[in-house]
Amino acid sequence: MNRRHWTLLFASLALMFWSLTLTAQELIVNRATPHQPISRNSARLCFTMRLLSWENRLPVKVFVFPDNHPTHRQFTKSVLGLFPYQLRQVWDRQIFSGTGRAPVIVATEQEMIEQVAATPGGIGYVESGANHPQIRILEVR
Amino acid sequence: MHRLLVAFFLMLGGFDAWAEDSFWDGLQVHGFASQAVIKTSDNRFFGDSPDTSFAFTEIGINASLPVSPQILLAGQLLSRRAGDLYDGAPALDYGLADLTFASSVEQRWGVRLGRIKNPLGLYNETRDVPFTHPGIFLPQVVYFDKIRNQLLSTDGLMLYGEWRGDQGAISFTAGGGQSVVDENAKWTYLPLSYRFEGEFKQKDPAALFSLWYATPNERFKFGLSGMALELQLHPGPGSPLNAGTVELFYGIASLQYNAEDWTLSAEYVYEPIEWRNILFPYTKATVESYYLQGTYRLRPELEALLRYEAYANPDDRDGTKTSAITGGLIPPFNTFSKIWTTGLRWDINQQWMMRAEYQRHHGTFILSARENPDFSELQEDWNLFAIQAAFRF
């Protein structure tokens, strides 16, 4: 392999990586929630409905897509590190035993952004980017 | 006590902040309905199954309302028809107030008051909700449907706590109260005295606990849970029976591993029982049972099930002793059950689910005497086939 090949390989790898980060799902929150990045464990607690309120005491209100939505499946796996069926099990156990709640289900990305923007304490996710003055993208570490 | 007071006032504070929204904004209503068709080669299970039974119907509706982030009110009405065991009369399945004293990323603790589903094993809390467990029927040697109410729920209080760290989460519940026992207990623990009048009730408050560990991604879960209960017979007028008691402890160890395409579950039950001053073939017995269960997701909406379960009395594995004591009235094979189950689940969409299941039984321990009062008609080896349709919202 000569130098040109290496450059080409490197460039294509970089391009691949860049396109991957472009399609990575992003966790979004309402502007009224705390600013700091959150840990993966905290994100899991939010989406399993076990974190009840934010540090500033606003109630956590979770919005998700239906179970079989591609963005939901991807977000659950790559951002939360859970399998979609695990989330469903946790929610079902909570709502059918009275020990907890299930998130609000929204149908489209548009609706997701509007709901999170309109709900103080709201949290959700989008396929990529969300341009709305009431929404902030939160880094998951 | 000081801390409790502080927590209480903090909750009131939360209530104020919340009250700006409409009180009913957070109301969530969910429900489900299911219908099964059951056919067995012999022996009655959930109705006239040898002639095909439709008598397995479950309908539930629940609502939950967060009064504040720290107070959740929740209740569920359940109508359950299960052969001769349950007639479908609606009952309060649970109705509780959940008060969270402390909640953060690291921990949460609080108390539930009211009618609470017993947190026993992997499935007891949602045992009647078809979507929440593999198979149309739960493993009968562990979650006995013939005496379902012994484990079902408690009118009382339950403390709960959870600690979370990088290594996983530890959670517990502890509490007690009045166990919601029904007629089926009498048929199971006093199978030779059901002809006489009398009520079979809980004596002292039942005690419950559970302890769980789960890895942060919940791939692996391990739990120990249990319940101590004492039942007393109140003989009716003219009954020749004594006001004897049945004392028991139900302990269950649970293990589950979740991978992307498959889940492995295993549970083991240890249940010592003591009969005092009461008509029964023996005065002491220990239930020992377990199951191993694998589910495989062929596609996200298609799940295959394979399960083996077994129950035997360790002191009388082949049932000959029990049979001899009763002069052959109880056949030996009524003292054990070994069951193979295979099934397929299809989640058609978010609302609808279909299931089919085949079971191969050796022994009749899991059958209720209420549905099979004539022991001489029982068959040792039998088959079961069932299909189920379920809806949820």
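**Entry 1. B:Lys203 and its partner**

I looked up B:Lys203 and found it partly exposed, with a relative accessible area of 42%. The model is a predicted one, and I read every value below with that in mind. The side chain of B:Lys203 meets that of B:Glu230 in a salt bridge, 3.9 Å from N to O. B:Lys203 sits in the loop between strand S9 (198–202) and strand S10 (206–214) of chain B, and B:Glu230 in strand S11 (residues 220–235), so the pair ties together parts 27 residues apart in sequence. I noted B:Glu230 as buried, because its relative accessible area is 14% and the cut-off for buried is under 20%.

**Entry 2. Other salt bridges in chain B**

I then went through further pairs. B:Arg115 and B:Asp155 form a salt bridge through their side chains, at 2.7 Å from N to O. The two belong to distant parts of the chain: B:Arg115 is in strand S6 (residues 107–117) and B:Asp155 in strand S7 of chain B, 40 residues apart. I have B:Asp155 down as partly exposed, at a relative accessible area of 30%.

For B:Arg297 and B:Glu303 I found a salt bridge with the closest N and O atoms 3.3 Å apart. Both B:Arg297 and B:Glu303 are buried. I also traced a network in which salt bridges with shared partners join B:Glu58, B:Arg80, B:Arg127, B:Asp128, B:Asp145 and B:Arg148. Over all chains the count comes to 28 salt bridges.

**Entry 3. Cavities**

Which residues lie nearest its centre? I listed B:Phe56, B:Glu58, B:Arg127, B:His133 and B:Ile136, out of a lining of 13 residues.

**Entry 4. Contact between the chains**

I turned to the contact between the chains, to which chain B gives 53 residues and chain A 33 residues. Chain B and chain A bury about 3600 Å² between them, with 47% of it on carbon and sulfur atoms. I counted five salt bridges between chain B and chain A. I looked up the pair B:Glu218 and A:Arg50, which form a salt bridge with the closest N and O atoms 2.4 Å apart.

**Entry 5. Chain A in outline**

I found five helices and five strands in chain A. From the N terminus on, the order of elements is α-β-α-β-α-α-β-α-β-β. Chain A has 141 residues, of which 50% count as buried. Taking the contacts in chain A between residues at least 6 apart in sequence, I noted that 69% join residues at least 24 apart.

**Entry 6. Helix H2 of chain A**

Why is helix H2 (residues 40–47) of chain A described as largely enclosed by the rest of the structure? Six of its eight residues are buried. I wrote these down as A:Ser42, A:Ala43, A:Arg44, A:Leu45, A:Cys46 and A:Phe47. Their cover includes, from chain A, strand S1 (26–30), strand S2 (61–64), helix H3 (70–80), helix H4 (84–95) and strand S4 (122–126). Strand S7 (153–165) of chain B is also part of the cover. After H2(A) comes A:Met49, with a positive phi near 65°.

**Entry 7. A:Leu138**

I placed A:Leu138 in strand S5 (residues 135–138) of chain A. A:Leu138 counts as buried, at 5% relative accessibility. Leaving out residues up to four places away in sequence, I found A:Leu138 touching A:Leu27, A:Val29, A:Pro34, A:His35, A:Gln36 and A:Ile38. Of these I checked A:Pro34: its C-alpha atom is 9.4 Å from that of A:Leu138, and the two residues are 104 apart along the chain.

I looked up A:Arg57, a residue other than glycine with a positive phi near 75°. A:Arg57 lies in the loop between H2 and S2 of chain A. At 42% relative accessibility, A:Arg57 counts as partly exposed.

I looked up B:Phe46 as well, which is not a glycine and has a positive phi of about 55°. Its place is in the loop between strand S1 (28–40) and strand S2 (53–68) of chain B. Is B:Phe46 buried or exposed? I found B:Phe46 buried, with a relative accessible area of 1%.

Methods: Residues numbered from 1 in each chain as written. Chains lettered and ligands numbered in written order. Predicted model: local features only at pLDDT ≥ 70, side-chain atom pairs only at ≥ 80, totals over all residues. Heavy atoms only, no water. 1 Å grid on protein atoms, 1.4 Å probe; cavity = no way out; pocket = protein on both sides within 12 Å on 5 of 7 lines; lining within 4 Å. Buried < 20%, exposed > 50% of the residue type's maximum accessible area, 1.4 Å probe, protein only. Helix = DSSP H or I, 4+ residues; strand = E, 2+ residues; numbered from the N terminus. Contact = heavy atoms within 4.5 Å. Buried area = accessible area lost by both parts, 1.4 Å probe. Salt bridge = Lys/Arg side-chain N within 4 Å of Asp/Glu carboxyl O.
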